[in-house]
Amino acid sequence: MKYVFTFIGCLLLSVAAFAQKGEVIVIKDPLIDSLIARRAEVYRTTGEVKPNKPIVSAYGYRVQVFYGSDRREVFNQQARFKSSYPKLNTYITYKEPNYYVRVGDFRTRLEAQRLISELRPSFPTLFIFREKINAPTLETNTNDQK
């Protein structure tokens, strides 16, 4: 029993001997505070859409109309698509060794599927991909007609 009390006493003394008190000094760039304040201001906005300002979008769907390793052929296919559908945005991406032509900024898969059914006769290899899309541009009227 004597050994147990001695052991517990030594344990308590060792814990007290190694306990340290200190002070933390934070050194940071003053721009960090301004960035935090700016971010808080952005999240405080009412969410109203302003003309000519980019709209941050989420994930949506695009239709891949062509892929290949020949760069000229990819640009030809893009031009061919744009001549038939000038209102749809086209995007060319490169992932070695192929180029990909993807079109549209669809919010739902159903919208992309409708385009596929329309394009099937002209473009034989069509696929739907889920990726980050651009929000549609807002058409604002400068002439207020009343």
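**Notebook: salt bridges**

R62, R102, D105 and E131 are linked in a network of salt bridges. I note at the outset that this is a predicted model. I looked up the total next: the structure holds four salt bridges.

**Entry: D105 and R62**

I took this pair from the network. The side chains of D105 and R62 meet in a salt bridge, at 2.9 Å from N to O. I then placed both residues in the fold. D105 sits in strand β3 (residues 98–106), and R62 sits in strand β1 (residues 59–68). The two are 43 residues apart, so I log this as a link between distant parts of the chain. Is R62 buried or exposed? I find R62 buried, because its relative accessible area is 7% and the cut-off for buried is under 20%.

**Entry: R102 and E131**

I turned to the other named members of the network. R102 forms a salt bridge with E131, and their closest N and O atoms are 2.7 Å apart. R102 lies in strand β3, while E131 lies in strand β4 (residues 127–132). The pair therefore ties together parts that are 29 residues apart in sequence. I checked burial here too. Both R102 and E131 are buried.

**Entry: K28 and D33**

I also looked up K28. Its side chain meets that of D33 in a salt bridge, 2.9 Å from N to O.

Terms used. Residues are numbered from 1 along each chain as its sequence is written. This is a predicted model: local features need pLDDT of at least 70, side-chain atom pairs count only at pLDDT 80 or more; totals for chains, interfaces and linings use all residues. Side-chain values use heavy atoms; hydrogens and water are left out. Helices (H or I, at least four residues) and strands (E, at least two) are DSSP runs, numbered from the N terminus. Buried means under 20% relative accessible area, exposed over 50%, partly exposed in between (1.4 Å probe, protein chains only).
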